[in-house]
Structures are given as C-alpha cells and as structure tokens.
Amino acid sequence: MKRIIKKVAVLGSGVMGSRIACHFAGVGIPVLLLDIAPKELNDAEKAKGLSLDNPAVKNRIVNEALATAVKSNPSPVYTKEAVNKIKTGNFTDNMKDIAGYDWIIEVVVERLDIKQSVLGEVDKYRKPGTLITSNTSGIPIHFMAEGRSDDFKKHFCGTHFFNPPRYLRLLEIIPTPFTDKEVIDFLLYFGDLYLGKTTVLCKDTPAFIANRIGVYSIAAIFKLVEKLSLTIDEVEALTGPVIGRPKSATFRTADVVGIDTLVKVAKGVYENCPDDEARDTFIMPVWVEKLVENKWLGDKTGQGFFKKTKSKEGASEILVLNLSTMEYEARKKPKFATIEAAKPIDDLKQRIKMLVTGQDKAGEFYRLFHYSLFSYVSHRIPEISDEVYRIDDAMKAGFGWEIGAFETWDVLGVERTVKAMKEAGFTVAAWVDTMLADGNTAFYKVENGKKLCYSPLTGKYVSVVAEETANAFIVMKNFAGQTVWKNSAANVYHLGDDVLGLEWNTKMGTIGGEVLEGIQKGIALAEEKYKGIVIANDSQNFSAGANVGMIFMFAVEQEYDELDMAVRAFQNTMMRARYSSVPVVVAPHALTLGGACELSLHSDKVVPAAESYIGLVELGVGLIPGGGGTKEFVLRAADELHEGEPDNNTLKNRFLTIATAKVSTSAFEAFDLGILRKGHDEVIINPDRRIAAGKASVIEMYDNGYVTPVQRTDIKVLGRSELGALYAGINGMWRANYATDHDVVVAKKLAYVMCGGDLSEPSLVSEQYLLDLEREAFLSLCGEKKTLERIQSVLKGGKPVRN
C-alpha cells in the first residue's frame with residue numbers, strides 16, 4: 001500500500017503534544033492540535049463577559065499551550081512561519097474533524113483510563129486505514145488497544161518521541177501483537193526520512209529501550225556514588241563530555257528530566273520486571289527519596305541536586321547538594337589524575353581506553369560502571385530488542401551518547417573485557433560467549449563501506465539499516481578502506497560510483513593549512529578521474545571555521561607576509577571549489593561557521609542537515625570574512641538587484657547579516673540570510689542522509705553535463721554613495737551605544753569592501769578585485785590591538801570581549 005501523510009492530528013497540547021505539533025509543522029506538514037475545553041472561566045474571561053461556549057474560551061488551553069511552546073528557547077520550529085501550519089481546536093467541537101487526517105497522534109496525560117477514553121473517541125471518528133499512535137513513555141501499548149475495532153488495532157502502535165522533539169532524534173516505534181507490519185515499516189521509514197529521526201523498533205516492555213537503559217545507567221551510578229563515596233561534582237566530571245555524554249552528565253540530567261519522573265520510571269521497571277537480574281539497582285537511594293519527599297524535584301521546582309541562587313553581590317550562583325548533609329554548598333572542581341591524563345586526547349575511543357585503565361578512583365569508577373552497563377545491555381537481548389544496534393541507536397539518539405554501550409565494548413575489546421568482567425564478579429548473557437566462541441570478536445564491523453552488526457538471533461552480521469535504504473546512509477569513516485589520499489588532518493575516500501568524499505578531523509573542525517591542502521588535493525583528484533566530490537564529516541560539528549589560533553600567532557609575531565600568504569591560500573582554495581571542472585558539493589551539519597560558511601558559499605550545491613547553524617561570524621572577533629565570504633555576499637547582492645527597487649536595500653541587508661555576525665538557527669533560516677539559495681540548495685531533515693544526498697547531487701550534475709563556471713567580471717558595486725549611507729548608519733549605532741569604538745572600525749572596513757571601495761560612482765568589478773579589497777581589510781584588522789584581544793579571549797575558551 002502506498003501511504004501518504006498530508007495532514008496530522010495531535011491530541012493533547014501539553015509540553016510534548018505542542019512540540020510534536022511544532023515539529024511536524026516545521027517539516028511542512030499541516031497539523032490539527034486539539035485539547036480539552038476549559039470547565040470554568042478565568043478572571044480575564046469573566047471580566048470580558050465571555051461564556052464557556054465562546055470559541056476563544058473553548059480553545060484557551062490549546063492556544064496558550066501552543067503560544068508557550070513557540071516562545072520556548074531553543075525554538076521548536078525551524079522557522080517562525082512554520083507555526084502557521086498549525087490549526088487549533090478542542091475535543092468537544094473538533095474531534096469529528098480527525099476524519100480528514102492521515103495520522104492521529106494521542107499525547108494526553110499519562111493515565112491509561114484517560115488515554116483509553118480519548119482513543120475510544122478516535123475510533124468513533126477516524127476513517128478506516130488512518131494511522132493512530134500513542135506517545136507514551138511507559139504505559140504498555142497493548143493495554144491501549146483493548147476494546148478497539150479490528151481496523152483500529154491493525155493501524156495502532158506506540159510512537160515515543162523524546163523531548164524536545166525537534167532536537168532529540170529518537171523515535172521509538174512500539175507495535176502491539178495486532179499491528180500490521182506495513183504500518184510498522186511505514187513509520188520506521190517516514191520517521192527517518194521526513195521527521196529526521198533515528199527510528200528504533202522496540203518491544204512492548206516497561207520503559208521500552210532508551211528509558212530502560214538510560215535510567216538503569218543513572219541508577220547504577222547512584223549505587224557507585226555510595227560504594228566509592230563520590231560527590232555530585234565528582235560524578236558530573238566523570239560522566240560528562242569526557243566519556244562522550246552530554247554536558248548535563250548524570251545529576252544535572254536528573255534535574256532537567258525531573259527527579260520524580262526518574263523515580264517513577266525506576267519504580268515501574270522494578271515492579272513490572274520481576275525477572276530482571278539487576279532489578280535491585282532500580283531501588284533509589286535514601287537521599288533520592290528524601291528529595292522527592294522535600295519536593296526538590298529539579299528544574300520544575302527550582303531545586304534538586306542543584307540550586308540556582310544569588311550571591312551577596314547579586315550574581316547568579318549554582319549550588320550543589322551535599323548528599324551526606326542534604327544541604328546546598330558551593331561547587332568544587334574535582335581533580336582526577338586519570339581525567340587529567342586523558343583530556344588532551346581528542347579521539348573519544350582512544351580517550352575511553354585510557355580512562356578505563358586508570359589506577360585512581362576515577363579508573364575504578366569507569367571499570368565498575370562499564371562492566372555493569374555491559375552486563376545489563378547484554379541481558380536485555382532479546383527481552384527489549386532482538387538486535388544489538390537498536391540499543392546503541394536508542395541511547396545515542398535519545399540520551400545524547402556519542403558512542404553506544406556495545407560500541408564502547410568493542411573499543412575496549414570484547415573478549416578481554418568479558419574476562420575482566422567475570423573476574424570482577426559480573427556476568428554476561430550466554431549469547432556473548434557464543435559469539436566469541438564462534439570466532440566473532442566484535443559486535444560491529446564494516447564491509448564495503450557498510451556498517452554491520454552481530455545478530456544474536458542468527459549468529460550472523462546484519463546491516464544496521466534496512467537493506468532497501470542502505471544506499472541512503474553514508475558514513476565517511478566506513479570508507480577508510482577506500483582511502484585515495486590523506487594527510488594528518490584530512491582524508492579523501494572513494495565513496496563508490498566515481499564520487500570522492502573529503503573529511504577532516506581537526507578539533508571543532510577548524511580549517512588550517514592541511515585542511516586547505518586536502519580540499520585542493522581532493523578537487524584535483526576528482527578532476528583527474530572522478531565525477532566530483534562531496535565535502536562533509538561525521539563529527540559533532542562540521543566546522544567552527546578558520547584556525548584563529550594560527551591567525552593570532554602570525555599577527556602577534558607580526559609575520560604579515562606569512563599571514564598574507566595564509567589568507568591568499570584560503571581565498572584561492574574557495575575559488576578552486578567554485579571554479580573546478582567537476583561538481584563540488586558541501587554537506588554540512590551543526591556548526592558551520594566562518595570559513596566553513598565561506599566554503600559552502602563557493603560550492604556548486606549545499607545539502608545541509610536541517611540542524612545546521614550557518615553564518616559569517618568573523619565580526620565577533622574583530623575581523624571581516626576574509627576567505628571570499630564578503631566578496632560572495634557582494635556578488636549575490638548585485639545579482640539580487642531588481643529594476644524599480646533601491647540598489648542599496650539588498651546590499652544593506654547583507655551588510656547587516658555580516659556586521660551582526662548572524663548565525664541561522666536552522667538550515668531553513670539560512671535561506672532568509674542569503675547564505676543558501678532558494679530553488680538550488682537542498683535541506684536534508686535527517687543528518688545521516690545528507691552525505692548520500694550530496695553524492696547523488698554530484699552524480700546528477702555530472703550526468704547532466706556539468707560545465708565549469710566562468711569567473712565574474714560584471715559585479716555591480718555602488719561606491720561612494722552607498723558607502724556614505726553605511727558609514728552614517730554605523731555612526732548612528734555608535735552614538736546609541738550599540739557599537740564600541742572598535743566595532744565601528746571593523747564595520748567601516750566591511751562597508752568599504754562591500755561598496756567596492758571609495759569609487760566615485762557605481763561600477764562593474766571582478767571577483768578578484770573584491771577578493772583583494774577583502775584581503776587588505778582583513779590584514780589591516782589583524783594589526784589592531786583590540787582584534788587580537790578578542791581573538792585571545794576566544795582561544796581561552798570564552799566569548800569575544802566587547803572592547
């Protein structure tokens with residue numbers, strides 16, 4: 001059956017319901033958002049003389065909930081306009097309207113009786129064949145299907161979104177015994193392609209996959225707190241980014257989620273999983289129960305394991321709970337020799353190897369924690385999932401782990417770790433011993449660029465993605481066996497079908513000399529015997545921009561010839577990307593700043609992930625875009641001039657975008673900033689699909705007869721007349737105290753370049769003319785003391801100083 005989702009109805013507008021509605025609207029799908037009608041008037045409604053039958057009153061709950069969601073930070077939508085796709089209503093008047101919707105998602109309060117009541121109404125009004133799903137974090141899905149029609153049961157299952165739905169990529173799909181396989185397969189596919197989700201098939205077991213493993217992980221750490229006499233600050237240092245976990249680590253995560261919610265999930269697992277060999281781990285310590293008793297539940301009550309307060313001087317201060325005294329005290333930065341030794345190691349896998357071998361309390365913690373985690377996840381198969389990779393996928397997408405439990409086990413060596421676990425008193429599931437006995441030494445392996453995972457059910461390796469969609473997912477590092485060229489920072493791979501892929505592995509993806517060499521070499525190799533090249537990576541961020549540390553070093557030592565050569569090399573590389581004889585496609589994600597944005601501007605096509613934050617941010621450190629970014633904005637402004645419109649409007653808008661260092665809050669917003677080109681560049685909702693999409697674009701352009709563009713010599717610049725207007729605006733900002741003296745210096749340099757210099761009248765100039773102006777301005781700003789102070793501030797890990 002070919003199924004198309006044109007419209008979605010979301011029933012329940014609480015925190016989850018309103019944000020799920022926003023996410024569907026964000027990807028372009030119209031939504032009907034419904035909730036209950038109020039049972040009594042509020043004071044404002046009474047003052048206006050309204051009745052309970054008034055439409056504004058009836059929709060008050062849903063409208064207020066949606067307004068709250070839209071105002072939340074970070075935003076639940078990719079663009080503000082997306083909210084216009086959401087229509088609101090109430091259960092009393094509008095439940096009948098769901099007959100015109102293709103997918104109905106129930107997101108009401110977590111009570112089985114209420115959910116069953118709402119779903120009974122859904123069964124009454126829905127049209128046959130319509131999908132119905134429930135967003136629940138723990139209520140057994142099959143209970144909700146009881147008493148419903150056969151057609152309802154065939155088209156019903158659980159869809160567990162994680163909050164916030166736009167940013168947390170996990171979508172757990174939980175079928176019942178009655179769910180049609182076509183429905184399961186469709187939701188796995190639709191969630192991946194259209195919603196950008198990591199869709200994970202779960203069994204209908206307590207807490208499903210992510211919450212079962214995630215809450216176990218937190219509970220196991222609570223046990224180690226008592227065993228090793230650890231403080232909260234020590235645990236946060238041990239369980240955060242240093243092991244590839246979010247900054248919220250353990251206790252801060254509990255505060256954000258809600259300590260009462262954590263306790264509820266743990267209690268549910270304890271009561272409903274009598275055969276869980278680690279069941280007692282879910283019994284919360286006395287100090288957790290005390291927090292619940294005191295109603296210190298975390299962020300929702302203003303205090304939990306942490307408490308935000310103000311010092312005597314009025315400054316905000318975060319206090320931490322002393323678990324021995326149950327009193328709040330100042331935070332202390334813990335020091336562990338193992339962590340200090342591992343911090344300089346950028347590669348997470350190598351860092352974890354070192355951490356687990358530590359001989360201090362930190363090393364002991366890491367061994368005990370990982371052994372207990374490995375034991376637990378091995379015993380959950382086949383209880384909660386038949387496949388290993390689904391557990392890892394769920395934890396990475398739902399809890400923000402950079403590396404899954406089984407992936408970590410591979411890093412440490414499965415056979416060696418199993419031996420150490422058994423010696424320490426931990427058990428592993430029998431299937432792990434069988435896997436090793438059969439000569440399989442790892443849970444994962446890569447063959448022909450495809451990631452495979454060991455299946456305990458068959459004893460064989462299976463693809464981690466459905467075979468029919470395997471070509472839609474490309475991970476650069478999986479092609480290490482097809483390396484064409486590399487240096488210490490960059491790698492060029494053959495991705496198959498005569499397309500090359502380039503990635504680099506510098507800290508924060510910064511672009512220095514070796515990365516520029518990689519770009520030049522990759523393009524040269526592609527021109528020799530390939531169809532083109534995709535530039536992307538699989539790191540947390542695409543790139544934070546040019547290597548400002550190198551710029552700072554040259555500037556401080558007044559090596560201006562070296563600096564001039566470095567800027568020329570950057571500009572030349574960007575122009576090489578623009579004017580190569582084969583297609584160059586950039587597929588960025590997350591941070592795409594400064595030089596990375598300039599590379600995108602010069603590519604033949606950009607296929608960014610929806611969650612891409614793109615911008616020219618150089619003004620923040622007292623510089624202007626010097627790698628062709630300023631030039632490209634002038635060129636695009638000239639091309640956007642329309643007859644009958646003032647010449648300066650589009651240039652002024654682009655000037656302000658650079659001058660205020662605007663960064664798009666999504667790839668969609670980058671179109672509005674003029675960074676992406678409407679009708680040309682293509683946003684990919686699921687970031688895991690963007691590299692394959694980039695490869696497909698290369699092939700399409702090449703097969704359609706790609707022709708090398710010709711460098712431009714017809715760029716209209718406005719000269720002195722517009723320069724005066726921009727200077728006046730800059731001075732106005734300074735007089736109103738919106739700009740510092742140094743801001744004025746930098747902004748005027750930018751204006752000078754964007755107007756083509758102090759020309760007496762509008763003129764046509766070449767790209768090289770603008771690049772020369774851009775480079776001269778950039779170099780002159782590198783000699784400014786205030787610029788160096790700003791760069792130094794950033795290099796120390798802070799924000800640019802306002803000087």
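These legends accompany views of a predicted model.

**Figure 1. The whole protein chain.** The chain holds 33 helices and 24 strands. Its radius of gyration is 28 Å, close to the 28 Å from the globule rule for 803 residues, so the chain is as compact as a globular protein of that length. The C-alpha trace spans about 80 × 75 × 65 Å along its principal axes. Of the 803 residues, 55% are buried. Take the contacts between residues at least 6 apart in sequence: 69% of them join residues at least 24 apart.

**Figure 2. Packing of helices α16 and α19.** Helix α16 covers residues 348-356, and helix α19 covers residues 405-412. Their axes lie 9 Å apart, at an angle of about 70 degrees. Angles of 65 to 115 degrees count as roughly perpendicular, so α16 and α19 fall in that class. From α16, the contact uses Lys349, Ile352, Lys353 and Val356. From α19, Thr408, Val411 and Leu412 take part. By class, the contact has four nonpolar, one polar and two charged residues.

**Figure 3. The open sheet β9-β10-β11.** Three strands form this open sheet, in the order β9-β10-β11, with antiparallel pairing. The edge strands are β9 (306-310) and β11 (327-330), and each pairs on one side only. Neighbouring strands are turned against each other by 45 degrees on average, direction ignored.

**Figure 4. Close-up of the β9 and β10 pairing.** Strand β10 spans residues 316-322. Five bridges join β9 and β10 in the antiparallel sense. Lys308 has Ile318 of β10 as its bridge partner. In general, strands of a sheet pair through backbone hydrogen bonds.

Terms used: Residues are numbered from 1 along each chain as its sequence is written. This is a predicted model: local features need pLDDT of at least 70, side-chain atom pairs count only at pLDDT 80 or more; totals for chains, interfaces and linings use all residues. Side-chain values use heavy atoms; hydrogens and water are left out. Axes are lines fitted to C-alpha atoms, for helices over the stretch in contact, and angles run from 0 to 180 degrees between N-to-C directions. Helices (H or I, at least four residues) and strands (E, at least two) are DSSP runs, numbered from the N terminus. Angles under 35 degrees count as roughly parallel, over 145 as roughly antiparallel, 65 to 115 as roughly perpendicular and the rest as oblique. Contact means heavy atoms within 4.5 Å. Ala, Val, Leu, Ile, Met, Phe, Trp, Tyr, Cys and Pro count as nonpolar, Asp, Glu, Lys and Arg as charged, and the others, Gly among them, as polar. Two strands pair if DSSP finds at least two bridges between them. The radius of gyration is taken over C-alpha atoms; the globule rule is 2.2 Å times the number of residues to the power 0.38. Buried means under 20% relative accessible area, exposed over 50%, partly exposed in between (1.4 Å probe, protein chains only).
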